[in-house]
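Here is a short briefing on selected features of one structure. Please look through the sequence and the model before reading on.

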Amino acid sequence: MLKFEVVIVGAGPAGLAAAYTLAKAGVEVAVFERGDHPGAKNLMGGVLYRQPTEEVLPGFYREAPLERPVVEQRLWILTEDDALTLGYRSRAFAGEPYNAFTVFRSRFDRWFGQKVVEAGALLITETVVEDLLWENGRVVGVRTGRPQGDVRAEAVILAEGVNSLLTQKAGLKKGGLQTHELAVAVKEVLALPKEKIEDRFGLEEGQGCTIELLGEATLGMMGVGFIYTNKDTLSVGVGVLLSHLVRRRLNPNDVLEHLKNHPSVRKFLAGAQPKEYLAHLIPEGGFRSIPKLYGPGLLVAGDAAMLVNGIHREGSNLALISGKLAAETLLEVRTRGGYHEKNLSRYREKLEKSFVLQDLRKYQNTSLFFNENPQFFTLYPRLLSLAAREFLTVDSVPKREKQRKIWQIITSHRSRWKLAQDLFRLWRVLG
Amino acid sequence: MRLEDKLYLNRYQPDKHPHLRIKDREVCRHCDGRPCTYICPARVYTWNEKEERIETAYEGCLECGTCRYGCAHDNIDWRYPRGGFGIMHKYG
């Protein structure tokens with residue numbers, strides 16, 4: 001039977017970060033990936049953050065396949081007819097050390113996989129891990145879908161992604177995943193010549209921007225739409241909470257088409273040629289959804305551990321850092337008593353000390369809060385837009401009267417008391 | 001653009017073995033709303049009125065898992081396609 005010191009399930013950012021860290025330290029490590037190369041099954045909107053990626057791969061941006069550095073982030077709050085927009089652009093983001101890049105996972109992870117192999121790990125593709133092997137109450141390996149496919153290991157890192165079948169089967173995520181803990185995201189890649197991208201989005205050559213869209217973008221469901229600029233393509237997508245989608249009886253592709261046809265959106269996409277249409281779940285349950293992160297001979301990292309900060313559009317960085325910390329935990333304990341459960345609990349401590357669990361703890365009530373307060377995705381975008389329209393319409397009405405009118409519009413939809421309550425609660429969960 | 005045409009843009013390595021299976025067809029007959037028929041981004045599931053059964057066009061599956069969690073009756077036996085089969089992301 002094949003034997004490794006560590007087996008990693010899944011060649012995404014978490015699994016590859018763990019494998020890279022372990023292989024660099026000389027540990028015999030194998031990564032199992034069900035696709036025909038790392039990235040073949042991976043998907044994200046497309047923003048990769050430079051600093052956390054460098055924690056694992058120093059200087060990666062000089063050689064990795066990237067699309068564009070993000071120099072501007074925009075937020076559009078949509079109603080049916082209009083858009084209230086907000087943004088921040090900085091020259092500081094346009095050059096080294098950079099803040100973020102748009103990327104395609106299929107290309108980036110393939111490159112990352114090569115780095116992992118160069119570092120000395122064994123990468124086994126086209127192989128589904130179907131089960132964990134247990135002996136005397138501890139994990140001793142994995143069962144793959146190949147004939148005679150059992151593989152022994154002293155420790156296993158589950159970096160299997162949001163569809164965490166093994167994590168659930170191992171009893172680490174009690175009750176499985178619920179529809180209010182998951183968002184369904186669909187994304188289209190649309191080809192557009194790079195000059196057109198730069199003209200339409202107001203970008204210097206080679207630079208990129210991101211647009212997040214709220215409100216009507218998700219038909220008022222909890223979620224967000226996005227448009228990201230790549231070299232010669234656009235990534236356009238929408239992610240909505242699965243519980244809201246079920247309740248509204250909507251199809252994710254119809255929500256995406258609705259967004260693409262919005263009067264403020266469609267001219268940016270005009271003439272662009274569709275190249276690919278993909279879908280993925282996003283763990284949105286936050287801190288309260290995190291499974292038990294360790295067991296005897298077992299660690300969980302990345303999306304499988306529900307490590308996503310939806311408020312700040314962060315996920316791949318939490319995956320990379322959790323993968324790295326999982327590997328560092330194994331490196332620490334292998335010479336000090338081995339991979340038993342008590343030793344591996346240090347992984348949780350490391351995550352607690354890092355931004356990963358500090359941030360998720362900070363926002364632990366947001367997902368429940370927004371689920372129970374849909375007005376932030378329905379009523380408030382509408383009120384903001386009504387207020388802006390009234391304020392900007394020049395019609396010889398004295399400004400004081402205008403202000404009164406705006407206030408009247410707002411309070412006719414939501415009482416002063418409710419407004420104050422909403423604001424206070426919003427500040428409590430986000431502040 | 002129609003959904004079928006969008007799926008046609010994708011690259012698949014089709015498997016003869018379906019990786020999605022309805023556990024108990026009787027459950028679907030009484031299911032309220034049949035969420036699988038609308039929540040799936042690839043519209044893999046359709047209700048065949050005549051035969052009173054869910055048809056599963058697993059070949060177009062995007063492997064997201066939405067149906068697995070969206071089915072209120074946990075009635076979909078959801079597995080990953082065998083290694084190397086299924087969707088192959090060009091961009092991702």
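Buried means under 20% relative accessible area, exposed means over 50%, and partly exposed lies in between, using a 1.4 Å probe and protein chains only. This is a predicted model: local features need pLDDT of at least 70, side-chain atom pairs count only at pLDDT 80 or more, and totals for chains, interfaces and linings use all residues. Residues are numbered from 1 along each chain as its sequence is written, chains are lettered from A and ligands numbered from 1 in the order in which they are written, and side-chain values use heavy atoms, with hydrogens and water left out.

**Backbone**

- Most residues other than glycine have a negative phi, and most peptide bonds are trans.
- Y98(A) is not a glycine, yet has a positive phi of about 70°.
- Y98(A) sits in the loop between β5 and β6 of chain A. Helices (H or I, at least four residues) and strands (E, at least two) are DSSP runs, numbered from the N terminus.
- Y98(A) counts as partly exposed, because its relative accessibility is 21%.
- The peptide bond between E96(A) and P97(A) is cis, with omega about 5°. P97(A) is placed in the loop between β5 (83-89) and β6 of chain A.
- In chain B, D74(B) has a positive phi near 50° and is a residue other than glycine.
- D74(B) belongs to the loop between α4 (66-70) and β5 (76-78) of chain B. Its relative accessible area is 46%, so D74(B) is partly exposed.

**Aromatic pairs**

- A pair of aromatic rings is described by the distance of the centres and the angle of the planes.
- Rings of Phe, Tyr and Trp (its six-membered ring) pair if their centres lie within 6.5 Å; planes under 30 degrees apart count as stacked, over 60 as edge-to-face and the rest as tilted.
- Over all chains, the count by this rule comes to 21 aromatic pairs.
- F60(A) and F101(A) have ring centres 6.1 Å apart and planes at 85°, so this pair is edge-to-face.
- F60(A) lies in the loop between α2 (50-56) and β4 (70-78) of chain A, and F101(A) in strand β6 (residues 100-102) of chain A, so the pair ties together parts 41 residues apart in sequence.
- Both F60(A) and F101(A) are buried.
- F108(A) and W111(A) make a tilted pair, 5.5 Å centre to centre with 50° between the planes.
- Helix α3 (residues 105-118) of chain A holds both F108(A) and W111(A), three residues apart, about one turn of the helix. F108(A) and W111(A) are buried as well.
- One aromatic cluster is formed by Y20(A), F60(A), Y61(A), Y98(A), F101(A), F108(A), W111(A) and F112(A).

- Two packed helices are described by the angle between their axes and the distance between the axes.
- Axes are lines fitted to C-alpha atoms, for helices over the stretch in contact, and angles run from 0 to 180 degrees between N-to-C directions.
- In chain A, the axes of helix α14 (residues 379-392) and helix α15 (residues 399-413) come within 10 Å and cross at roughly 165°.
- That makes α14(A) roughly antiparallel to α15(A). Angles under 35 degrees count as roughly parallel, over 145 as roughly antiparallel, 65 to 115 as roughly perpendicular and the rest as oblique.
- α14(A) and α15(A) cross in a right-handed way. A crossing is right-handed if the near helix is turned clockwise from the far one by less than a right angle, and left-handed if anticlockwise.
- Residues of α14(A), including L383(A), L386(A) and F391(A), meet residues of α15(A), including I406(A), I409(A) and H413(A). Contact means heavy atoms within 4.5 Å.

**Helix packing: α9 and α11**

- Helix α9 (residues 316-333) and helix α11 (residues 346-353) of chain A pack at about 135°, with axes 9 Å apart.
- α9(A) and α11(A) are therefore oblique to each other. The crossing of α9(A) past α11(A) is right-handed.

**Loop positions**

- A270(A) is in the loop between α8 (266-269) and β15 (273-283) of chain A. Its relative accessibility is 38%, so A270(A) counts as partly exposed.
- Leaving aside neighbours within four places in sequence, A270(A) is in contact with L192(A) and R200(A).
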